[in-house]
Amino acid sequence: MSRARWPPIPDAAAVRGYHGAMLPLVYHPEYSFPFPGAHRFPMEKFGRLHGYLRGQGIATADNTFRPGRARPALLGRVHCPDYVSAVLENRLDDRARRRMGLPWSEALVKRTCIAPMGTLLTAQLALKQGLACHLAGGTHHAYRDFGSGFCLFNDLAFAARLLLDSAAVDRLLIFDCDVHQGDGTAAMLADEPRAFTCSIHCEKNFPVRKQNSDLDVGLPPGMTDGDYLATVFETLDGLLDRVEPQLVLYDAGVDIYAGDPLGRLQISEAGIAERDGGVLQRCRQRGVPVATVIGGGYDDDREALARRHALVVEQAARLQQTQPDTEFPCPKPC
(Lines give C-alpha, C1' and ligand atoms only; values in the text may rest on other atoms or scores of the structure.)
Protein backbone atom coordinates (compact mmCIF):
# COMPACT_ATOMS: atom_id res chain seq x y z
CA MET A 1 0.00 0.00 0.00
CA SER A 2 1.45 3.38 -0.96
CA ARG A 3 2.37 5.89 1.68
CA ALA A 4 -0.38 8.41 2.47
CA ARG A 5 0.25 11.89 1.09
CA TRP A 6 -0.09 14.38 3.91
CA PRO A 7 -1.72 17.67 2.98
CA PRO A 8 0.93 20.42 2.80
CA ILE A 9 1.14 21.85 6.30
CA PRO A 10 4.27 22.98 8.14
CA ASP A 11 3.50 20.79 11.17
CA ALA A 12 3.36 17.45 9.33
CA ALA A 13 6.77 16.33 10.57
CA ALA A 14 5.84 17.23 14.13
CA VAL A 15 2.66 15.16 13.84
CA ARG A 16 4.55 12.12 12.61
CA GLY A 17 7.11 12.46 15.37
CA TYR A 18 4.74 13.12 18.28
CA HIS A 19 4.50 10.27 20.76
CA GLY A 20 3.57 12.20 23.87
CA ALA A 21 1.48 10.73 26.66
CA MET A 22 -0.60 13.90 27.03
CA LEU A 23 -3.66 14.73 24.95
CA PRO A 24 -2.64 16.67 21.80
CA LEU A 25 -4.20 20.14 21.61
CA VAL A 26 -4.26 22.60 18.73
CA TYR A 27 -4.40 26.35 19.35
CA HIS A 28 -3.20 29.64 17.91
CA PRO A 29 -3.02 32.95 19.85
CA GLU A 30 -4.52 34.75 16.84
CA TYR A 31 -7.83 32.93 17.38
CA SER A 32 -8.88 35.73 19.71
CA PHE A 33 -8.38 39.39 18.89
CA PRO A 34 -9.96 42.73 19.96
CA PHE A 35 -13.56 42.69 18.85
CA PRO A 36 -16.60 44.98 19.31
CA GLY A 37 -17.73 44.41 22.89
CA ALA A 38 -21.43 44.49 22.07
CA HIS A 39 -21.18 41.91 19.29
CA ARG A 40 -23.01 38.63 19.84
CA PHE A 41 -20.05 36.51 18.73
CA PRO A 42 -17.69 35.91 21.71
CA MET A 43 -14.36 36.25 19.90
CA GLU A 44 -12.41 36.25 23.16
CA LYS A 45 -13.62 32.78 24.18
CA PHE A 46 -10.76 30.99 22.40
CA GLY A 47 -8.07 32.75 24.37
CA ARG A 48 -9.99 32.32 27.60
CA LEU A 49 -10.42 28.62 26.87
CA HIS A 50 -6.69 28.18 26.34
CA GLY A 51 -5.93 30.15 29.49
CA TYR A 52 -8.30 28.01 31.54
CA LEU A 53 -6.77 24.78 30.22
CA ARG A 54 -3.29 26.05 31.00
CA GLY A 55 -4.43 26.80 34.53
CA GLN A 56 -5.73 23.25 34.84
CA GLY A 57 -2.44 21.81 33.61
CA ILE A 58 -4.13 20.27 30.56
CA ALA A 59 -2.51 22.60 28.00
CA THR A 60 1.28 22.78 28.13
CA ALA A 61 4.05 23.72 25.76
CA ASP A 62 4.75 20.03 25.19
CA ASN A 63 1.28 19.00 23.97
CA THR A 64 0.04 22.17 22.23
CA PHE A 65 0.45 22.47 18.46
CA ARG A 66 0.19 25.74 16.54
CA PRO A 67 -1.29 25.51 13.02
CA GLY A 68 -0.10 27.50 10.05
CA ARG A 69 -2.12 29.75 7.79
CA ALA A 70 -3.86 28.27 4.75
CA ARG A 71 -2.78 29.71 1.45
CA PRO A 72 -5.54 30.93 -0.89
CA ALA A 73 -4.86 28.09 -3.35
CA LEU A 74 -5.40 25.50 -0.63
CA LEU A 75 -8.64 27.12 0.52
CA GLY A 76 -9.65 27.25 -3.14
CA ARG A 77 -9.51 23.46 -3.34
CA VAL A 78 -12.58 23.39 -1.08
CA HIS A 79 -14.19 26.84 -1.41
CA CYS A 80 -14.90 28.83 -4.57
CA PRO A 81 -11.62 30.64 -5.45
CA ASP A 82 -13.48 33.86 -6.28
CA TYR A 83 -15.16 33.78 -2.86
CA VAL A 84 -11.82 33.15 -1.15
CA SER A 85 -10.34 36.16 -2.91
CA ALA A 86 -13.32 38.34 -2.00
CA VAL A 87 -12.92 37.46 1.68
CA LEU A 88 -9.16 38.00 1.74
CA GLU A 89 -9.31 41.27 -0.22
CA ASN A 90 -12.34 42.78 1.56
CA ARG A 91 -14.50 42.73 -1.57
CA LEU A 92 -17.67 41.19 -0.14
CA ASP A 93 -20.84 43.09 -0.95
CA ASP A 94 -23.25 44.33 1.71
CA ARG A 95 -25.52 41.30 1.42
CA ALA A 96 -22.59 38.91 1.88
CA ARG A 97 -21.35 40.89 4.90
CA ARG A 98 -24.78 40.76 6.53
CA ARG A 99 -25.04 37.03 5.89
CA MET A 100 -21.66 36.25 7.48
CA GLY A 101 -22.50 38.43 10.47
CA LEU A 102 -18.97 39.54 11.38
CA PRO A 103 -17.18 42.86 10.79
CA TRP A 104 -14.35 42.41 8.30
CA SER A 105 -10.81 43.10 9.51
CA GLU A 106 -7.28 41.94 8.79
CA ALA A 107 -7.29 40.12 12.12
CA LEU A 108 -10.51 38.31 11.20
CA VAL A 109 -9.01 37.21 7.88
CA LYS A 110 -5.87 35.94 9.57
CA ARG A 111 -7.69 33.80 12.14
CA THR A 112 -10.15 32.65 9.50
CA CYS A 113 -7.28 31.28 7.39
CA ILE A 114 -5.62 29.61 10.38
CA ALA A 115 -8.64 27.84 11.91
CA PRO A 116 -9.29 25.38 9.03
CA MET A 117 -5.64 24.36 9.22
CA GLY A 118 -6.14 23.85 12.95
CA THR A 119 -8.93 21.34 12.36
CA LEU A 120 -6.87 19.58 9.70
CA LEU A 121 -3.90 19.40 12.07
CA THR A 122 -6.15 18.11 14.87
CA ALA A 123 -7.43 15.36 12.58
CA GLN A 124 -3.89 14.35 11.66
CA LEU A 125 -2.93 14.22 15.33
CA ALA A 126 -6.01 12.12 16.07
CA LEU A 127 -5.04 9.66 13.36
CA LYS A 128 -1.63 9.40 14.99
CA GLN A 129 -2.64 9.40 18.67
CA GLY A 130 -6.31 8.33 18.63
CA LEU A 131 -7.64 11.55 20.12
CA ALA A 132 -6.91 15.26 19.69
CA CYS A 133 -8.76 18.50 20.45
CA HIS A 134 -8.91 21.79 18.56
CA LEU A 135 -9.54 24.82 20.76
CA ALA A 136 -11.58 26.40 17.96
CA GLY A 137 -13.39 25.18 14.83
CA GLY A 138 -16.90 24.10 14.02
CA THR A 139 -17.64 26.80 11.41
CA HIS A 140 -20.32 24.61 9.89
CA HIS A 141 -22.54 27.36 8.39
CA ALA A 142 -20.01 28.39 5.72
CA TYR A 143 -20.84 27.27 2.18
CA ARG A 144 -18.59 26.83 -0.81
CA ASP A 145 -19.19 30.35 -2.11
CA PHE A 146 -20.56 32.37 0.80
CA GLY A 147 -20.28 32.77 4.53
CA SER A 148 -23.14 32.58 7.01
CA GLY A 149 -23.86 32.61 10.72
CA PHE A 150 -20.43 33.87 11.91
CA CYS A 151 -18.68 31.34 9.61
CA LEU A 152 -16.50 32.35 6.63
CA PHE A 153 -14.64 29.14 5.73
CA ASN A 154 -15.88 25.69 6.69
CA ASP A 155 -13.13 23.97 8.68
CA LEU A 156 -14.97 20.64 8.87
CA ALA A 157 -15.51 20.37 5.12
CA PHE A 158 -11.98 21.65 4.52
CA ALA A 159 -10.37 19.01 6.72
CA ALA A 160 -12.60 16.25 5.39
CA ARG A 161 -11.88 17.03 1.73
CA LEU A 162 -8.12 17.28 2.18
CA LEU A 163 -7.88 14.13 4.28
CA LEU A 164 -9.89 12.15 1.75
CA ASP A 165 -8.13 13.62 -1.28
CA SER A 166 -4.72 12.88 0.26
CA ALA A 167 -5.76 9.26 0.99
CA ALA A 168 -5.12 9.72 4.72
CA VAL A 169 -8.51 8.02 5.25
CA ASP A 170 -11.03 6.32 2.98
CA ARG A 171 -14.15 7.25 4.94
CA LEU A 172 -14.97 9.54 7.84
CA LEU A 173 -17.91 10.66 9.94
CA ILE A 174 -18.71 14.26 10.83
CA PHE A 175 -20.76 14.02 14.02
CA ASP A 176 -22.16 17.49 14.62
CA CYS A 177 -23.84 18.10 17.99
CA ASP A 178 -23.99 21.89 17.81
CA VAL A 179 -27.50 23.18 18.55
CA HIS A 180 -27.70 24.60 15.00
CA GLN A 181 -27.80 22.42 11.91
CA GLY A 182 -24.51 21.97 10.06
CA ASP A 183 -26.05 23.25 6.86
CA GLY A 184 -22.89 24.42 5.15
CA THR A 185 -21.09 21.18 5.86
CA ALA A 186 -24.02 19.17 4.50
CA ALA A 187 -24.11 21.22 1.30
CA MET A 188 -20.35 21.19 0.73
CA LEU A 189 -20.02 17.42 1.18
CA ALA A 190 -23.29 16.37 -0.47
CA ASP A 191 -21.40 14.89 -3.43
CA GLU A 192 -18.74 13.17 -1.32
CA PRO A 193 -19.82 9.60 -0.48
CA ARG A 194 -16.70 8.96 1.61
CA ALA A 195 -17.75 11.63 4.14
CA PHE A 196 -20.91 10.90 6.15
CA THR A 197 -22.46 14.03 7.67
CA CYS A 198 -24.72 13.78 10.72
CA SER A 199 -26.28 16.80 12.43
CA ILE A 200 -28.17 16.55 15.74
CA HIS A 201 -29.70 19.97 16.31
CA CYS A 202 -32.69 21.93 17.54
CA GLU A 203 -35.09 21.82 14.62
CA LYS A 204 -36.73 25.20 15.25
CA ASN A 205 -33.56 27.24 15.23
CA PHE A 206 -31.07 28.77 12.82
CA PRO A 207 -30.79 28.19 9.91
CA VAL A 208 -34.41 28.54 8.89
CA ARG A 209 -33.73 26.80 5.59
CA LYS A 210 -32.07 23.48 6.40
CA GLN A 211 -29.87 21.42 4.08
CA ASN A 212 -29.90 17.65 3.80
CA SER A 213 -27.14 15.99 5.80
CA ASP A 214 -26.66 12.26 5.29
CA LEU A 215 -28.52 12.03 8.60
CA ASP A 216 -30.40 14.87 10.30
CA VAL A 217 -31.86 14.49 13.78
CA GLY A 218 -34.07 17.48 14.54
CA LEU A 219 -34.82 17.96 18.24
CA PRO A 220 -37.80 19.82 19.75
CA PRO A 221 -37.15 23.00 21.74
CA GLY A 222 -36.91 22.46 25.47
CA MET A 223 -35.45 18.94 25.35
CA THR A 224 -33.63 17.99 28.57
CA ASP A 225 -30.67 15.78 29.46
CA GLY A 226 -32.22 12.31 29.51
CA ASP A 227 -33.91 12.34 26.12
CA TYR A 228 -31.04 14.26 24.56
CA LEU A 229 -28.30 11.90 25.71
CA ALA A 230 -30.31 8.83 24.67
CA THR A 231 -30.74 10.32 21.19
CA VAL A 232 -27.07 11.24 20.80
CA PHE A 233 -25.74 7.88 21.96
CA GLU A 234 -28.25 5.78 20.01
CA THR A 235 -27.49 7.77 16.87
CA LEU A 236 -23.74 7.47 17.27
CA ASP A 237 -23.85 3.74 18.02
CA GLY A 238 -25.84 3.16 14.86
CA LEU A 239 -23.51 5.27 12.73
CA LEU A 240 -20.35 3.61 14.01
CA ASP A 241 -21.88 0.27 12.97
CA ARG A 242 -23.20 1.53 9.65
CA VAL A 243 -20.45 3.85 8.42
CA GLU A 244 -17.42 2.15 10.00
CA PRO A 245 -15.48 5.43 9.87
CA GLN A 246 -11.71 5.57 10.07
CA LEU A 247 -12.00 9.01 11.72
CA VAL A 248 -14.71 10.98 13.51
CA LEU A 249 -14.75 14.79 13.37
CA TYR A 250 -16.81 15.70 16.43
CA ASP A 251 -18.41 19.15 16.75
CA ALA A 252 -18.97 19.51 20.49
CA GLY A 253 -21.02 22.71 20.44
CA VAL A 254 -22.10 23.92 23.88
CA ASP A 255 -24.95 26.12 22.65
CA ILE A 256 -27.22 23.23 23.68
CA TYR A 257 -26.80 24.61 27.23
CA ALA A 258 -30.02 25.64 28.96
CA GLY A 259 -28.78 29.21 29.46
CA ASP A 260 -27.35 29.82 26.01
CA PRO A 261 -29.10 32.80 24.38
CA LEU A 262 -29.05 31.17 20.93
CA GLY A 263 -29.84 27.61 21.98
CA ARG A 264 -33.46 26.71 22.82
CA LEU A 265 -32.55 23.35 24.37
CA GLN A 266 -32.40 22.74 28.13
CA ILE A 267 -29.20 20.73 28.61
CA SER A 268 -27.23 21.06 31.84
CA GLU A 269 -23.46 21.36 32.08
CA ALA A 270 -23.41 17.86 33.58
CA GLY A 271 -25.34 16.70 30.52
CA ILE A 272 -22.81 18.31 28.18
CA ALA A 273 -19.95 16.60 30.01
CA GLU A 274 -21.77 13.26 29.85
CA ARG A 275 -22.44 13.74 26.14
CA ASP A 276 -18.80 14.50 25.38
CA GLY A 277 -17.46 11.69 27.52
CA GLY A 278 -19.95 9.23 26.05
CA VAL A 279 -19.14 10.16 22.45
CA LEU A 280 -15.40 9.85 23.01
CA GLN A 281 -15.72 6.61 24.97
CA ARG A 282 -17.86 4.95 22.30
CA CYS A 283 -15.38 5.82 19.59
CA ARG A 284 -12.46 4.71 21.72
CA GLN A 285 -14.06 1.35 22.48
CA ARG A 286 -14.15 0.69 18.73
CA GLY A 287 -10.67 2.01 18.06
CA VAL A 288 -11.93 4.95 15.99
CA PRO A 289 -9.79 8.13 16.19
CA VAL A 290 -11.64 11.33 17.13
CA ALA A 291 -10.77 14.96 16.41
CA THR A 292 -12.89 17.44 18.36
CA VAL A 293 -13.81 21.06 17.58
CA ILE A 294 -15.57 23.36 20.03
CA GLY A 295 -18.46 24.61 17.90
CA GLY A 296 -20.96 27.20 19.10
CA GLY A 297 -21.50 28.81 22.48
CA TYR A 298 -22.69 32.36 23.09
CA ASP A 299 -23.04 32.95 26.83
CA ASP A 300 -22.43 36.58 27.82
CA ASP A 301 -20.45 35.27 30.81
CA ARG A 302 -17.30 34.60 28.84
CA GLU A 303 -15.43 32.83 31.64
CA ALA A 304 -18.33 30.44 32.20
CA LEU A 305 -18.50 29.90 28.46
CA ALA A 306 -14.79 29.05 28.27
CA ARG A 307 -15.17 26.51 31.08
CA ARG A 308 -18.14 24.98 29.24
CA HIS A 309 -16.09 24.64 26.05
CA ALA A 310 -13.36 23.03 28.14
CA LEU A 311 -15.64 20.13 29.07
CA VAL A 312 -14.89 18.15 25.92
CA VAL A 313 -11.15 18.68 26.40
CA GLU A 314 -11.35 17.65 30.06
CA GLN A 315 -13.27 14.52 29.12
CA ALA A 316 -10.71 13.72 26.43
CA ALA A 317 -7.79 14.30 28.81
CA ARG A 318 -9.40 12.05 31.40
CA LEU A 319 -9.94 9.33 28.83
CA GLN A 320 -6.37 9.67 27.59
CA GLN A 321 -5.10 9.31 31.16
CA THR A 322 -7.28 6.36 32.19
CA GLN A 323 -7.07 4.42 28.93
CA PRO A 324 -3.65 5.26 27.49
CA ASP A 325 -2.99 1.91 25.83
CA THR A 326 -5.95 1.79 23.45
CA GLU A 327 -4.72 0.99 19.96
CA PHE A 328 -5.67 3.23 17.06
CA PRO A 329 -4.12 1.73 13.95
CA CYS A 330 -3.65 4.47 11.38
CA PRO A 331 -5.72 3.49 8.31
CA LYS A 332 -2.76 4.33 6.08
CA PRO A 333 0.95 4.45 6.96
CA CYS A 334 1.49 7.56 9.09
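**The lining of the largest cavity**

Author: Helix 2 (45–55) and helix 6 (106–129) each contribute two or more residues to the lining of the largest cavity; helices (H or I, at least four residues) and strands (E, at least two) are DSSP runs, numbered from the N terminus. The model is a predicted one, in which local features need pLDDT of at least 70 and side-chain atom pairs count only at pLDDT 80 or more, while totals for chains, interfaces and linings use all residues. Residues are numbered from 1 along each chain as its sequence is written, and side-chain values use heavy atoms, with hydrogens and water left out.

The biggest contributor to this lining is helix 6, with five residues. In total 26 residues line the largest cavity, and those nearest its centre are Phe41, Arg111, Thr139, Phe150 and Cys151. A cavity here is a set of points, on a 1 Å grid over the protein atoms alone, where a 1.4 Å probe fits but cannot get out, and lining residues have an atom within 4 Å of a point. By class, the lining comprises 13 nonpolar residues, 10 polar ones and three charged ones (nonpolar: Ala, Val, Leu, Ile, Met, Phe, Trp, Tyr, Cys and Pro; charged: Asp, Glu, Lys and Arg; polar: the others, Gly among them). The space inside amounts to about 250 Å³, a volume being that filled by probe spheres set on the points, which are joined across faces, edges and corners. Three cavities of 30 Å³ or more occur in the structure.

Phe41, one of the residues nearest the cavity centre, is touched by Phe35, which also touches Met43, Leu102 and Pro103, leaving aside residues up to four places away in sequence; contact means heavy atoms within 4.5 Å. Phe35 sits in the loop between strand 1 (25–26) and helix 2. Phe35 counts as buried because its relative accessibility is 16%, the cut-off being under 20% with a 1.4 Å probe and protein chains only.

Of the contacts between residues at least 6 apart in sequence, 78% join residues at least 24 apart. The C-alpha trace spans about 50 × 45 × 40 Å along its principal axes.

Technical notes: On a 1 Å grid over the protein atoms alone, a cavity is a set of points where a 1.4 Å probe fits but cannot get out, and a pocket is an open set with protein on both sides within 12 Å along at least five of seven lines; lining residues have an atom within 4 Å of a point. Buried means under 20% relative accessible area, exposed over 50%, partly exposed in between (1.4 Å probe, protein chains only).
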